[in-house]
Amino acid sequence: MGDGGQAERDVAEASRRRGTNLPAMADFNQLVILDAIRRSASGLSRVELALSTGLSAQTVTNITRRLFASGFIAEAGKESFGPGKPRTILRLHPPALYAVGVHLDPTVTTALLVDLAGEPMLERRMMTPLGQDPELAIDALVAMVEGLLSESAVDRARVTGMGLAAPGPIDPLAGALVDPPHLPGWHSVPLRDELSQRLGLVTLLEKDVAAATAAELWVGTPAAATGSFVFLYLGTGIGAGLAVGHEVLRGSLGNAGEIGHIVVEPDGAQCWCGLRGCVAVTCTPDAIVRDAIAERVLEPLVEPHNTVLVDAAFTRLAARATDGDDAARAVIDRAAERFARALAVIANLLDLDRIVIGGPAWERVAERFMTIVPAELDRMRAARSIHPVLIEGTTLGNAVAAKGAASLVLDRWLSPRTESLLLPVPGA
Ligand SMILES: [Zn+2]
């Protein structure tokens with residue numbers, strides 16, 4: 001399909017978000033225009049903007065003039081549409097606005113800064129501080145984000161907020177992490193408000209899987225392009241993010257996607273939930289490392305619960321499997337088969353045709369999992385004779401949840417919804 005088709009799709013997409021011509025809604029209309037422009041891959045002319053948003057030509061002209069003046073949009077060449085004056089194509093101007101994205105995983109914490117187009121400018125990682133005291137981790141997080149912002153040298157006034165992706169369960173009303181399984185001592189920690197206060201940034205809290213799903217919707221892997229897919233998250237824990245019709249499904253209070261207790265090995269390891277062989281105790285990096293140690297594929301760890309040591313052992317095991325070590329490969333492949341069983345439950349429940357897999361542990365096992373999971377899944381899928389399922393590893397890398405957290409801030413800022421008006425407007 002040529003560019004014309006793309007432009008048509010852009011107009012159709014933007015038409016779902018129509019504006020109003022009432023003068024009191026000027027800010028809202030400005031967001032309608034910005035949203036239409038950012039959703040168009042090739043940019044839009046003023047005529048297309050008027051068509052797609054339902055705003056008058058005069059309103060579009062006035063708003064785009066204002067957006068130019070404040071640096072949010074730029075001209076991106078001219079295009080001819082038949083006879084008449086060529087139309088100026090408008091695009092976002094990425095350096096106009098920035099957002100911070102932080103992903104707190106119990107093993108590795110990632111922070112990055114993205115521009116208005118969602119492109120990462122700078123990224124930092126650290127091992128998440130261990131211990132029972134959340135304050136240690138919070139201090140380290142604040143220092144990490146402060147370091148990121150000063151290193152980037154961007155104008156702090158242009159940083160509109162911070163998205164924080166964290167393991168569930170979360171309490172979105174209190175902005176708190178509530179007893180996440182791999183963070184002992186974190187009981188109802190009001191992380192959102194504490195970070196917001198200490199950093200002076202409006203902060204949004206999202207469950208890690210929902211953030212990763214949001215990243216895929218923003219600038220995703222091809223399998224996510226239809227806007228309806230499941231994101232399988234493989235980090236210290238395992239979870240699923242769901243997207244339907246270009247929206248992340250969050251459940252009643254932000255905690256959808258807890259798949260850790262799907263049983264995939266009825267005689268498997270005892271889980272803290274009371275069942276045996278749950279995903280949480282058979283497919284996670286620490287479970288895989290434990291299996292490898294039990295089978296003498298890896299040496300026992302000096303401190304079995306030290307997340308740094310577990311992560312390093314997981315890296316060694318995965319590298320050996322990729323290099324063709326049969327014993328290491330057998331351990332990883334068995335985890336992949338179990339993972340596929342959980343995926344089959346989800347695929348059967350939702351009749352999915354698109355699956356994206358990612359998260360901090362994904363890249364290390366991607367090669368083995370992609371060899372095993374598609375065929376295993378197909379064997380167990382009810383609708384296998386009716387339609388195929390497209391499975392892809394994320395193209396967004398290990399930082400997918402941090403990118404998603406940042407994109408939530410941009411999305412909130414750019415989307416024409418009433419809560420967007422609560423985020424600060426740089427330079428205003
Ligand atoms: Zn369980």
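## The zinc site

Donors here are N, O and S atoms within 2.8 Å of the metal (3.2 Å for Na, K and Ca), and water is not among the atoms, so sites may look incomplete. Along the chain, the donors of the zinc ion follow the spacing H-x9-C-x1-C-x4-C. They are H261 (ND1), C271 (SG), C273 (SG) and C278 (SG), sitting at 2.0 to 2.3 Å.

What arrangement do the four donor atoms around the zinc ion make? It's tetrahedral, because they subtend angles of 104 to 119 degrees (for four donors, the term asks that all angles lie between 85 and 135 degrees). C271 is buried because its relative accessibility is 4%, and C278 is buried at 0%.

## How to read the model

This is a predicted model: local features need pLDDT of at least 70, side-chain atom pairs count only at pLDDT 80 or more, and totals for chains, interfaces and linings use all residues. Residues are numbered from 1 along each chain as its sequence is written, and side-chain values use heavy atoms, with hydrogens and water left out.

## Two strands

Now for strands, which are DSSP runs (E, at least two residues) numbered from the N terminus. T109 belongs to strand β5 (residues 108-115), and it's buried, with 0% relative accessibility. M127 belongs to strand β6 (residues 120-127); with a relative accessible area of 36%, M127 is partly exposed.

Notes
Tetrahedral: all angles 85-135°; square planar, octahedral: opposite > 155°, others 65-115°. Buried < 20%, exposed > 50% of the residue type's maximum accessible area, 1.4 Å probe, protein only. Helix = DSSP H or I, 4+ residues; strand = E, 2+ residues; numbered from the N terminus.
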